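Hello,

Here is the structure I promised to pass on. My notes on it follow below.

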Amino acid sequence: MPQDNINDLNPYLHGLYRPVDREIAADRLDVVGEIPRDLHGGYFRNGPNPAAPPTGMHHWFDGDGMIHGIWFENGEARYANRYVRTEDLNANGASPLGGIFEPSTDAPGRKVHYRDTANTDLVFHNGKLLALWYISGQPVAVDATTLETIRTETFGGALPGNMSAHSKVDPETGELVFFDYALYEPKMWTGAISADGELTHFQEVDLPGPRLPHDMGLTENYVILHDLPVIFSEQAIRNRLWQIHVADQPTRFGVVPRKGGAPKWFEFPTCYVYHVINAWEEGDEVVMTACKMVPNGFDPDARYGPYAAMADVLALRAQPFRWRMNMKTGQGCEEQIDDALSEFPVVNCDLTGRKTQYSYHVVFDDCIEQRFSGLLKYDLETGARRRHDFPNGVFGSEPAFAPRVGATEEDDGYLVTFTADLSGNSEAHVIDARNVDRPALARVKLPQRTPAGFHGVWAQGI
Ligand SMILES: [Fe+2]
């Protein structure tokens with residue numbers, strides 16, 4: 001196969017995933033329906049968008065981060081998209097770091113071993129967006145009103161290492177509670193940045209071996225770290241290659257006091273978890289809800305040639321579960337909430353770390369690519385669910401919950417998401433979170449396509 005055609009077979013560069021090549025801004029967008037006047041704030045979604053066409057083997061995680069944003073105020077909407085200008089993107093081809101199909105290397109003065117794209121997740125902290133990366137990279141601060149990159153964020157030089165995607169903001173204290181992990185050493189770290197940007201806590205946690213977690217849980221008093229059985233082989237660690245496998249070992253969750261202290265580890269039947277729904281405390285118990293992976297049931301798809309294994313691994317299929325960990329007795333138990341398949345769960349972020357009744361997930365078209373054909377709203381207490389289907393041939397993004405201005409109830413607000421169809425049309429949909437099975441209240445026409453991507457966030461009132 002000629003090398004210059006290899007990416008013709010890469011499913012994450014075509015169709016819904018095809019990158020866009022313009023950074024634009026537009027206001028007074030056309031709307032079908034009506035934007036609620038009590039919707040005020042911004043919805044932002046991160047995702048990979050290679051700035052230059054990849055020439056070698058290209059992984060979905062390798063694409064340069066691009067943020068698409070839409071702001072709502074007084075029944076009107078404006079849109080912009082901008083690259084996250086990481087050190088590697090700014091190096092303009094001169095970075096020593098490559099993508100994750102290549103052996104990892106080092107970059108002087110940095111603790112990353114692969115090209116750091118900051119393409120995975122966003123948190124809104126201290127008035128700014130922070131773009132975060134899956135493989136724990138350098139956070140990048142982004143202006144939440146323009147999406148212009150401000151700087152690679154070190155918090156005044158105090159951040160000792162990196163910061164993983166899915167670090168979380170405590171809505172009551174405004175603290176950013178983060179985790180970091182090493183690819184080749186048996187260590188993980190957790191810490192906190194105050195509401196005004198000062199590093200206030202940092203601690204190291206020892207592990208039985210190097211681990212590849214994806215998310216963490218946050219409660220009022222604890223961080224829940226994940227020791228999961230998807231790991232690098234010893235050969236991969238020796239040769240610094242991205243070769244993961246499922247090890248025959250239990251899943252462990254480590255409950256660490258946020259103010260510092262030894263983790264209390266709880267062992268559960270083996271499983272992998274990408275995304276936590278939410279976590280909280282109930283008496284002596286720390287409770288974590290998350291989407292537990294189940295085998296996806298697909299055969300590697302020969303259409304994708306050398307990318308068949310990547311597409312197979314990335315076909316997320318999971319069910320909602322709850323884990324209870326008793327801090328007094330050390331006993332844990334696992335409960336299944338429902339058997340429907342869903343992923344990319346979000347909650348009302350004003351209740352991160354506090355007990356939530358509702359969560360919102362995406363559901364997939366029945367194919368190996370990640371095509372989000374609808375949303376589920378869960379009642380996490382009963383497992384009851386309601387479904388929102390996007391129009392035929394239209395696929396969504398991870399939504400964010402936007403509280404209605406003046407809301408006092410948990411689900412009094414809107415779900416906002418970007419959609420795209422295969423003809424290149426995109427919209428932002430505003431859905432009533434209390435009546436998710438009804439059609440969108442507003443479909444805002446976007447001036448360009450939003451390629452399929454990763455995680456979204458809502459920032460109220462900006
Ligand atoms: Fe994620």
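Strand 30 (residues 413-421) is mostly covered, with eight of its nine residues buried. Buried here means that 20 or more other C-beta atoms lie within 10 Å of the residue's own, with C-beta atoms placed from the backbone; 12 or fewer is exposed, and in between is partly exposed. Strands are DSSP runs of E, at least two residues, numbered from the N terminus.

Please keep two points in mind. This is a predicted model: local features need pLDDT of at least 70, side-chain atom pairs count only at pLDDT 80 or more, and totals for chains, interfaces and linings use all residues. Residues are numbered from 1 along each chain as its sequence is written.

Now the neighbours of strand 30. Two strands pair if DSSP finds at least two bridges between them. Strand 28 (residues 394-396) runs antiparallel to strand 30, joined by three bridges. There, F395 has A420 as its bridge partner. Strand 29 (residues 400-403) is also antiparallel to strand 30, with four bridges. F401 stands opposite L415. Seven bridges link strand 30 to strand 31 (residues 426-432), again antiparallel. F418 is partnered by A428 in strand 31. Four residues separate the strands of this hairpin, and G424 takes a positive phi near 100°.

There is also an open sheet of five strands, in the order 1-5-4-3-33, with antiparallel pairing. Strand 1 (25-26) and strand 33 (456-460) each have a single partner strand, so one side of each is left without a neighbour in the sheet. Strand 33 is joined to strand 3 (residues 41-48) by five bridges. In that pair, G42 stands opposite A459.

Best wishes
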